[in-house]
Amino acid sequence: MGLPTTREPIVSVPVSRRRLPAVMAALVVVGMAVSAWHPHDRTTWFLETVWVFIGLPAIVLTWRRFPLTGLLCCLLAVHALVLAVGGHYTYAEVPAGDWVRDTFGLSRNPYDRLGHLMQGFVPAVLVREVLTRTSPLRGSRWLAPLTVCACLAFSALFELFEWAAAVIGGHGADAFLATQGDVWDTQWDMFCALIGATVSVLVLSRVHDRQLARLGVIGSYAGAVSTTAARTSTAGTR
């Protein structure tokens, strides 16, 4: 979740828009504190929530130069809370997941699937925002597919991380893996992340672009694209 160093000028964010990130950060801190109170297994809790410990400080330290959109702030906060709940109970034993399993007659606690859907849904907006603001891909048709590919790559990397934990920890890593006896759990996890990323790009791209425009980070580029297109069209008529 760390953000790259950018060459963008410092973006001035109105005071009214600074409150939302502060509220979201406070919510995450409180959620993490509650999650850390007598978790099912301390090691599993840390492995599941380590991304929050990495991401939140990175966002705070880079905020002045790289403020995030409100949409991304809210999504990151929700994702952090999903991780906090999964870390506290372990994904296979989240009570809400047990209720869904028993109510709908499922064969397993589905909270793990929700976690991996979020693993694609939220990072898709993060990747899209970083690429839009720091690379030549903004406005490109390649932005959406490469965003989804990046999320799928991260999901595969996470599965390798789980594999390493299983090799090192043996049966002690079972709570972290949360396979619940499914031999295809790894494939399902990556598929869920793929679906989450795809849905995120399809549903949220327009809203995301509007919020990026309010930050003033894509308006000038859109104008440049229009100018370039106009010059190309004029050159073609000559």
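Where does Ser-205 lie? I found Ser-205 in helix H8, residues 185-215. Helices here are DSSP runs of H or I with at least four residues, numbered from the N terminus, and strands are E runs of at least two.

Before going on, I noted the conventions. The model is predicted, so local features need pLDDT of at least 70 and side-chain atom pairs count only at pLDDT 80 or more, while totals for chains, interfaces and linings use all residues. Residues are numbered from 1 along each chain as its sequence is written, and side-chain values use heavy atoms, with hydrogens and water left out.

Entry: Ser-205. I looked up its accessibility: Ser-205 counts as buried because its relative accessibility is 15%. Buried means under 20% relative accessible area, exposed over 50%, and partly exposed in between (1.4 Å probe, protein chains only). The side chain of Ser-205 reaches the backbone oxygen of Val-201 at 2.4 Å. Setting aside neighbours within four places in sequence, I listed Arg-128 and Ser-200 as in contact with Ser-205; contact means heavy atoms within 4.5 Å.

Entry: backbone phi. Most residues other than glycine have a negative phi. I looked up two residues with a positive value.

His-38 is not a glycine, yet its phi is positive, about 50°. I placed His-38 in the loop between helix H1 (15-35) and helix H2 (42-62). His-38 counts as exposed because its relative accessibility is 61%.

Thr-90, also not a glycine, has a positive phi of about 75°. I placed Thr-90 in the loop between helix H3 (70-89) and helix H4 (95-104). Is Thr-90 buried or exposed? Thr-90 counts as buried, because its relative accessibility is 1%.

Terms used. A polar contact is a pair of N or O atoms within 3.5 Å; within protein, one must be able to donate a hydrogen and the other to accept it, and residues adjacent in sequence count only if both atoms are side-chain atoms.
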